[in-house]
Structures are given as structure tokens and as C-alpha cells.
Amino acid sequence: MLLLAVAMSPPPTLASHPLPSCLAFAAPSIFPPCSLPSSLTCNFETRIRGRALNNMRKSSPLSLFHLSRSCSRRFSPEMSEKMIESPWDVRLRGPYSTNDKLLQVIGYLRQNPASISGRPMCYEPSQILEKRREREFALTPAFGLTPEDLGDSSSNHFLVVAVSILQLACGGLDECHNNITPLSWDDGTIFGGPPVYDSPARQEATLLHCLVHLREGHHPGEFGTGYQNSGYWAGGVTEHPTMNQMQEVARTMAAGVATERERELLEPLGREWSSQSFVRACADAMRSKEEGAIRVCNLLLNLHLRLLLEHVLARAGQGASL
């Protein structure tokens, strides 16, 4: 897992801060069989070193966001139970309640919820991904979805994150990753383009960045495996309103599960939810191949995406209830 350094003076050097082991790889051998852009094959490790150190210099210690959980709405056990029964029964108000494209995607997710099973990523620009019509994601209603489909401006970063959530839930890991990387990473990438500094949706983009690589799972990617990269992004947001909601959902689920293994998975998350703990739980479930644990993690993932969607739609200022 990549650990960000505390404030340093003078600025760090490559010699004084060696590359973490999860970043030490040869790029052409670790990418999945999507075409690797030639510009990434040249001196790739140096590029990654520079990006990591550049973010260390720009960030305050650990560069963590702190948003009090006390501002999030408290869930009653009854509310949690309803959510568990229908994870994609999204609460929509205002123009969202009649947005045909949004309703179509949510309807699809009710029948085809997201899964924690790992999926390889291509790390290609969106204009290349658009031509890959053979992919499973291209058959979903989230393919081609844009922020303008949800609102009147692509500059609304919360709508960008909302579209990215729906893309990720429907299997568009690369599309989601391309959208949120500029909002959460302070350096340009060949797939996401230039960074967007000081985005008001940076917290939400960072949280979603964690979930993108969680869905990548055991597959190798830009920073080691998806789980390793997800663990890095999990440290980027330690407090968020949706975390408190997920904690209460996990507590409710723990009281009603059938097996001791499922209870052991849920009880720590019900005491204190953290993205790091959720990533570990999902990785352990996939490693053990226990159906009950995988089922619980699948449900938690869908609930997390649903709550994050409601949150960003509310922040976008167009009437979604949170």
C-alpha cells in the first residue's frame, strides 16, 4: 500500500524515499491485454515516482479530508432494513425523479447489481474506450451517459461523480476512472487528462476512486493490484456522511445474518466503518470464495454506491434527498 509521507523539509528526493514495493513493476507486463499506450511504455516507473512525489509535496500531512459524520442523517433500523431489501431503490426528487436516462440506469441496476468480483482495467483514454463496443459495459444504459444527461452543465463536478458512480456500478470501470482521476489526483494522466485542482467534489471522487480499484480486485493495474491501489485511496477520506450511514447498515445486517462468518465480517464494520476495513473484507471474501461473505460484500458495495449517488445528487443542488 502506498503511504503518503508527512510534511518534509527540504523536499524529498528519490534517493531518500525509495519507491514502494507495490509500485516497482515493469509496465508492459502488468497491464491487461488492452493496448498499452506507447507513451506509457517509456520510462514508466520514473513517471510513477514523479507523480507520487509530486503529490507528497503538494499535500498536507496525509492529505486527508475531514468531514464530520455528525452532519449525516441518522438511519433507523427500519430504514436500514428497507435499504438492504432494495439496495437500488434510490430516493429521487425534483428533476431527477422524471429523468428518463437516470431512471433507466437505476432500473437496470435493480436487475443487475454490481459485484466485487475483480475486473481488469485498460487505462485507455475515453475516445478509445468509446470504440470498444464489444465490451459488456457497452450493452448497458450507462454507456455514453454524460453529466449533461443529468443536469445543464458538465462543469458541475458532483454530476460528473454521479455519472461515474452509475458507470462503475454497471461495469464501466475505465470510464469511471477516467472521469474521477482529474478530480482526485494532482497530476495529469494519459487516460484522464489534466488535473482539476480544488474540486468541490474531491472527497467524493476520492471515495469513488477507492471503489473503482476495489472492483478491479486482484488484477494488476497502475499501482500494483486493484486491492493495493484501493487501499491507498481508502486512506484519502477518513470521514464522510455516507460512512456513518454504511456503519448503521452494517450494524443492522449483522443482527440478521445466518452464519457466524458473515457476522464476523459485518460486526467490525458496524462498530466503525472505514474504507480500509471494507477493502480488506472484500479481498478476504474473494480469497476465501465463501458464498455468504461474497454475498454480503456485494450488497454492501451496492448500498455504498447508492448512498454516494444520493449524496452527490443532493450536493449538485437539484433536489435529491439525503
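A contact here is a pair of heavy atoms within 4.5 Å. Counted that way, 72% of the protein's contacts with a separation of 6 or more join residues 24 or more positions apart. The structure is a predicted model, in which local features need pLDDT of at least 70, side-chain atom pairs count only at pLDDT 80 or more, and totals for chains, interfaces and linings use all residues. Residues are numbered from 1 along each chain as its sequence is written, and side-chain values use heavy atoms, with hydrogens and water left out.

Going by DSSP runs (helices, H or I, at least four residues; strands, E, at least two; numbered from the N terminus), the protein has 14 helices and 2 strands. Of its 322 residues, 54% are buried, meaning under 20% relative accessible area with a 1.4 Å probe, protein chains only.

Mean pLDDT (the predictor's confidence in each residue, from 0 to 100) is 79, with 73% of residues at 70 or more. Helix H9 (residues 202-216) scores highest, at a mean of 98, and helix H1 (residues 27-30) lowest, at 30. Residues 1-72 stay under 50, though the model gives them 110 contacts beyond four places in sequence; residues 318-322 are also below 50, with 27 contacts beyond near neighbours in sequence. Where pLDDT is low, the predicted coordinates should not be read in detail.

Helix H7 takes in 13 residues, 157-169. All 13 of the 13 are buried, so H7 is largely enclosed by the rest of the structure. At its N-terminal end sits a cap from Asn156, with a side-chain oxygen 3.0 Å from the backbone nitrogen of Phe158. After H7 comes Gly171, with a positive phi near 105°.

Key: Expected span 1.5 Å × (residues − 1). Buried < 20%, exposed > 50% of the residue type's maximum accessible area, 1.4 Å probe, protein only. Polar contact = N/O pair within 3.5 Å; in protein donor to acceptor, adjacent residues only side chain to side chain.
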